[in-house]
Amino acid sequence: LSGMATGIYVTGSGSYTEVTGNDMSNCVTAFETYAHGGPNNNQWTITNNNMTNASGWSMSYIGSPADISGNDFTGSNGGINFRGANNFTLQGNSNTWDLADAANAIFVEYTSNLTIQDLTITGDGGTGIYARNGMSNLVIDGLESCGKDLAVHLQTGSGHIVRNSSFGSSA
């Protein structure tokens, strides 16, 4: 799957699917789900994949995953693009986030009750976590961000919490 436009592209909806141990390096987008009518790819397990050097997003996921861990996003221009990741907790440092400079680590929209815990992001420019459109109850706990233009960008929503975090200008 290495070097393609999209390593794995999923259309429609489905649940309880596992994507593990794949090499999707050097793709434009390593892994992407797409569903007309909103998020309905639920309870997927996406673990231990090589999603390095994506020129777009390493992962673009529509729905509420069960587990996202052990994936390597090194050198990519974007980490995870979430839409509808409701009632999910991402253990940030269970993935490798050594992104390209000016990259955005996590972009999220149309989501309720998402928790991002223990995430370390470095690099020059870009945004650590960017949340916009239809967001509520986003919890960011234990973010360490160094060198990003914006550590956290909350564009809309309510009930958000940012705690136990540190932000610096250089790594």
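**Aromatic rings and a buried serine**

User: Are Phe82 and Phe88 buried or exposed?
Analyst: Both Phe82 and Phe88 fall in one class, judged by relative accessible area with a 1.4 Å probe on protein chains only (buried is under 20%, exposed over 50%, partly exposed in between). This is a predicted model, where local features need pLDDT of at least 70, side-chain atom pairs need 80 or more, and totals for chains, interfaces and linings use all residues. Residues are numbered from 1 along each chain as its sequence is written, and side-chain values use heavy atoms, leaving out hydrogens and water. Phe82 and Phe88 are both buried.

User: What kind of pair do Trp57 and Phe107 form, and how many residues apart are they?
Analyst: Their ring centres are 6.4 Å apart with 45° between the planes, so the pair is tilted. Trp57 is in strand 7 (residues 57-62) and Phe107 in strand 11 (residues 104-112), strands being DSSP E runs of at least two residues, numbered from the N terminus. This tilted pair links parts of the chain separated by 50 residues.

User: Why does Ser60 count as buried, and which residues does it touch?
Analyst: Ser60, in strand 7, is buried because its relative accessible area is 12%. Counting heavy atoms within 4.5 Å and skipping residues up to four places away in sequence, Ser60 touches Phe31, Glu32, Thr33 and Asn81.

Terms used. Phe/Tyr/Trp six-rings, centres within 6.5 Å; stacked < 30°, edge-to-face > 60°. Helix = DSSP H or I, 4+ residues; strand = E, 2+ residues; numbered from the N terminus.
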